[in-house]
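These are my notes on a single protein chain.

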Amino acid sequence: MRLRGWVPVLGWCAATLASIGLATVALQPVLRTATPDLASAPLSEPPVSVTTPQPSPSSSPSPSSSPSPSPTRASPRPTTARPSPPTVVDGWTVTTDADGQTTYTRTFRVGGGTAVVRMTPGRVQLVTATPNPGYTVDTVQNEPGNLAIQFTEPNHYFVIHAVWQGKPVARVSEVGG
């Protein structure tokens, strides 16, 4: 009987099954948040909420710093709001547009690739996800404020889990390797 020829193949099959089982158990917290038919379900828009933006400090120069202003310069400023300059808070680049909408953007560089995530209150969006050579990328978004990005190669995963919880929250996990 030629059982010796099958031993390496059977060993490889056992190792592959064990790694799939381990990866499945390790990824259960992320996978549990996904809906089973996410690919066929259309994404719905979040309900519109009205928020009052907080005023930002004025960046106009003080009147004493300029030479005597002419009557044309003394006219009142237009009433439209101007975007605020970007700031960085907890690793997120924070900007406010002319409508007063605050946007948080962050780039995540992990061993499996690079992802850029944008958040606004109650909504998480993937801007780009570029896998490194040998990796693939998948995303799961079961609701507008919850996004998981997974970079995968055989037996090795990087998961970026971004959630809006009154502020932007992101966790990066590595499984295997």
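I counted one helix and nine strands in the protein, taking helices (H or I, at least four residues) and strands (E, at least two) as DSSP runs numbered from the N terminus. The order of the elements from the N terminus on is α-β-β-β-β-β-β-β-β-β.

I noted that this is a predicted model, in which local features need pLDDT of at least 70, side-chain atom pairs count only at pLDDT 80 or more, and totals for chains, interfaces and linings use all residues. Residues are numbered from 1 along each chain as its sequence is written, and side-chain values use heavy atoms, with hydrogens and water left out.

I then turned to pairing, for which DSSP must find at least two bridges between two strands. Strand 4 (residues 113-120) and strand 5 (residues 123-131) run antiparallel and are joined by eight bridges. Thr114 has Thr130 of strand 5 as its bridge partner. Two residues lie between these strands in their hairpin, where Gly122 adopts a positive phi near 85°.

I next examined strand 8 (residues 156-164), which pairs with strand 9 (residues 168-176) in the antiparallel sense over nine bridges. Here Val159 is opposite Ser173 of strand 9. The hairpin of strand 8 and strand 9 has three residues between the strands, and Gly166 shows a positive phi near 80°.

Of the 177 residues, 22% are buried, meaning under 20% relative accessible area with a 1.4 Å probe, protein chains only. Among contacts (heavy atoms within 4.5 Å) between residues at least 6 apart in sequence, 26% join residues at least 24 apart.

How values were computed. Buried < 20%, exposed > 50% of the residue type's maximum accessible area, 1.4 Å probe, protein only.
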